[in-house]
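Dear colleague,

Please find below the structure that I am handing over to you, together with its sequence. My findings follow directly after it.

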Amino acid sequence: MQAWHVHENGEPSEVMRLAEAERPTPGDGQVLVRVRAANINFPDALLCRGQYQIRPPLPFTPGVEICGETEDGRRVIGNPALPYGGFAEYAVADAAALLPAPESLDDAEAAALHIGYQTGWFGLHRRAGLEAGETLLVHAAAGGVGSAAVQLGKAAGATVIGVVGGAEKAAVARELGCDVVIDRRAEDVVAAVKEATAGRGADVIYDPVGGEAYTQSAKTVAFEGRIVVVGFASGTIPSPALNHALVKNYSVLGLHWGLYNTKNPKLVRHCHDQLTELAARGAIKPLVSERVPLAEAAAAVQKVADGRSTGRIAVVMEESA
């Protein structure tokens with residue numbers, strides 16, 4: 001089979017190499033999965049750089065989210081078990097963690113329904129308790145993680161403010177359904193949010209960016225608001241001023257979705273059932289902006305690493321194209 005391997009840490013376009021390899025052998029409780037589509041996530045870039053919280057032994061195959069087919073013919077989605085990731089013709093996954101692929105979505109869309117939408121559902125519903133009629137602010141609203149949160153927020157009946165960087169991403173955010181779109185490169189984010197909310201601020205803020213975005217969040221969160229911290233795509237981990245949270249009466253909530261796979265896996269399956277139902281009635285649909293062949297995976301991972309993508313880029317195998 002063909003598989004991308006990382007032999008040393010660095011930028012994805014420099015360290016990912018496509019080569020012929022033996023099919024991986026599943027361990028106890030694992031299954032071999034023929035990959036139909038693999039979605040590219042920012043953690044794939046961090047894995048290549050050696051900056052992710054999980055550091056598989058070198059060499060490894062990145063690709064943390066797939067839609068594939070098991071040997072008994074089931075179409076499934078899930079997270080491959082590293083070092084045998086999804087940027088290959090075959091991957092290995094823990095049998096108990098595989099979920100049925102929604103019939104309403106094609107392979108690329110199904111692959112993209114997992115991490116970003118699970119993170120969004122847990123962040124907005126389990127952690128922040130988003131209610132219909134509330135205002136949700138989403139940073140990086142046109143990206144893979146942000147676009148999922150926008151759709152889930154709209155499905156929950158919230159008014160959604162999307163913050164993006166650039167006119168192209170602003171157009172994508174509008175297409176996703178954002179009620180208000182703020183281009184951080186052309187506008188003062190804090191002033192724009194206050195204007196859009198008549199000075200009240202946002203009830204829930206979804207932040208996969210960190211850095212300056214978190215600073216803006218603290219200035220625009222409403223009374224009894226909730227800031228959900230889901231990542232640091234900016235590369236800067238903020239240091240929250242807890243005295244500010246006390247004086248302004250808001251909450252800062254952390255979310256590491258992967259913990260639910262070990263701490264409460266039943267909730268992950270429940271979330272998948274909810275997402276499948278939302279997808280079936282058209283309330284959510286992963287934004288797959290590009291579909292590339294396996295040979296172009298390294299360049300596509302680099303594009304995501306550089307912040308030049310919108311929605312999701314999916315690596316689609318030839319049979320599924």
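Pro12 lies in helix H1 (residues 12-15); helices here are DSSP runs of H or I with at least four residues, strands are runs of E with at least two, and both are numbered from the N terminus. The model is a predicted one, in which local features need pLDDT of at least 70 and side-chain atom pairs count only at pLDDT 80 or more, while totals for chains, interfaces and linings use all residues. Residues are numbered from 1 along each chain as its sequence is written, and side-chain values use heavy atoms, with hydrogens and water left out.

Pro12 is buried, at a relative accessible area of 0%; buried means under 20% relative accessible area, exposed over 50%, and partly exposed in between, with a 1.4 Å probe and protein chains only. Leaving aside neighbours within four places in sequence, Pro12 is in contact (heavy atoms within 4.5 Å) with Ala45, Cys48, Ala298, Val301, Gln302 and Ala305. Between Pro12 and Asp44 there are 8.4 Å in space, C-alpha to C-alpha, although the two are 32 residues apart in sequence.

Helix H2 (42-49) carries the buried residues Asp44, Ala45, Leu46, Leu47 and Cys48. The buried residues of H2 pack against H1, strand S1 (2-6), strand S2 (16-20), strand S3 (30-39) and helix H12 (297-305).

Six strands form an open sheet in the order S10-S9-S8-S11-S12-S13, with parallel pairing; two strands pair if DSSP finds at least two bridges between them. Strand S10 (180-183) and strand S13 (251-254) stand at the edges with a single partner strand each, so one side of each is left without a neighbour in the sheet. From one strand to the next, the twist averages 20 degrees.

How much of strand S11 (residues 202-207) is buried? Six of its six residues are, so S11 is largely enclosed by the rest of the structure. S11 pairs with strand S8 (residues 135-139) in the parallel sense over three bridges. In that pairing, Leu137 has Ile205 of S11 as its bridge partner, and Val138 stands opposite Tyr206. S11 is also joined by five bridges to strand S12 (residues 221-229), and these two strands run parallel. Here Ala202 stands opposite Val221 in S12. Together, S11, helix H8 (residues 212-220) and S12 make a right-handed β-α-β unit; right-handed means that, with the strands pointing away from the viewer, the path from the first strand over the helix to the second runs clockwise.

Helix H5 (residues 144-155) lies across S8, S11 and strand S9 (159-164), and runs at about 170 degrees to S8. Helix H7 (residues 189-196) lies across S8, S9 and S10, at about 165 degrees to S10. Axes are lines fitted to C-alpha atoms, for helices over the stretch in contact, and angles run from 0 to 180 degrees between N-to-C directions.

A helix pair also deserves mention. The axes of helix H4 (residues 115-127) and helix H11 (residues 265-280) come within 10 Å and cross at roughly 100 degrees. H4 and H11 are therefore roughly perpendicular to each other; angles under 35 degrees count as roughly parallel, over 145 as roughly antiparallel, 65 to 115 as roughly perpendicular and the rest as oblique. On the H4 side, Tyr117, Gln118, Trp121, Phe122 and Arg126 meet Leu267, Val268, His270, Cys271, His272, Gln274 and Leu275 of H11. The residues of this contact divide into seven nonpolar, four polar and one charged; Ala, Val, Leu, Ile, Met, Phe, Trp, Tyr, Cys and Pro count as nonpolar, Asp, Glu, Lys and Arg as charged, and the others, Gly among them, as polar.

Finally, some backbone details. Most residues other than glycine have a negative phi, and most peptide bonds are trans. The peptide bond from Leu58 to Pro59 is cis, with omega near -10 degrees, and Pro59 is placed in the loop between H2 and strand S4 (66-70). The bond from Leu82 to Pro83 is likewise cis, with omega near 20 degrees; Pro83 lies in the loop between strand S5 (75-78) and strand S6 (90-94). Glu224, found in S12, has a positive phi of about 60 degrees although it is not a glycine. Asn249, also not a glycine, has a positive phi of about 65 degrees. Asn249 lies in the loop between helix H9 (242-248) and S13, and is partly exposed, with a relative accessible area of 37%.

With kind regards
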